[in-house]
Amino acid sequence: LSLHDALPISIAASAQEKYSGPRPPKKDIPYLLEADKLLPVEVEQASQSNSKEGQVFSVPGTTSTARTPLPEPIFLLLADKIAADQLGLYRFEVKDGKREVQIGKRRTDEDQILRLTVRPLDAGLFRIEASEMLDPGEYSLSPQGANTAFCFTVY
């Protein structure tokens, strides 16, 4: 048996292994994954207002309590009511003591929503990753059609 012959067997065996890493303690809250530790994101209800340029969603405070040094953060989500593939990633601007994102009439959704990769790990358990390097700043994961903001800071 050569290494070449053994390779398909090891790939098949690893594809059937169950996820054995850390699991989020609460459902429907994304947790930042750093090494083998899970850090809960800051959960806020965004207030919504209208401006000439479109809708503005804002949360109080200038920075999140959930902080990561990783420019491509990884999240684990134990989904119950929230569909992992319905989350959007938004970058906040800090203005007047709050974090806000503007969904404008002139801007397209592609300008507003940053790309995510969602991968199932186990029944109801998902790995969510930013698909691009994030600049230092304030961000939010938010389910489509909801004003829930799962806030975090990249520093």
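Accessible areas come from the Shrake-Rupley method with a 1.4 Å probe.

**Figure 1. Overview of the predicted protein chain.** The model shown is predicted. The accessible surface of the protein chain comes to about 9400 Å², and carbon and sulfur atoms account for 52% of that surface. The protein chain has 14 strands and 2 helices. Of its 155 residues, 37% are buried. Among contacts between residues at least 6 apart in sequence, 68% join residues at least 24 apart.

**Figure 2. The largest nonpolar core of the protein chain.** This core holds 24 residues, of which Phe75, Leu89, Leu134, Tyr139 and Phe152 touch the most other members. Two or more residues each are given to this core by strands S1 (31-34), S7 (74-78), S8 (87-91), S12 (125-130), S13 (137-143) and S14 (148-154). Strand S7 supplies the largest share of this core, with 4 residues. Apart from this core lies another one, of 8 residues, including Ala46, Phe57, Tyr90 and Ala149.

**Figure 3. Surroundings of Leu134 in the largest nonpolar core.** Leu134 belongs to the group of core residues that touch the most other members. When residues up to four places away in sequence are not counted, Leu134 touches Pro71, Pro73, Leu89, Leu114, Tyr139, Phe152 and Val154. Two of these partners, Pro71 and Pro73, are prolines. Leu89, Tyr139 and Phe152, also touched by Leu134, are listed with Leu134 among the core residues that touch the most other members.

**Figure 4. Leu32 and its contacts.** Leu32 lies in strand S1. Its relative accessibility is 1%, and the cut-off for a buried residue is under 20%, so Leu32 counts as buried. Leu32 and Phe75 are 43 residues apart along the chain, yet their C-alpha atoms are separated by 4.5 Å. Not counting residues up to four places away in sequence, Leu32 touches Lys37, Leu38, Leu39 and Val41, together with Ala66, Arg67 and Thr68. The contacts of Leu32 also include Pro73, Ile74, Phe75 and Phe152.

Figure 5. Ser140 is part of strand S13. Ser140 counts as buried because its relative accessibility is 3%, against a cut-off of under 20%.

Conventions. Residues numbered from 1 in each chain as written. Predicted model: local features only at pLDDT ≥ 70, side-chain atom pairs only at ≥ 80, totals over all residues. Heavy atoms only, no water. Core = buried A, V, L, I, M, F, W, Y, C linked by side-chain atoms within 4.5 Å. Buried < 20%, exposed > 50% of the residue type's maximum accessible area, 1.4 Å probe, protein only. Contact = heavy atoms within 4.5 Å.
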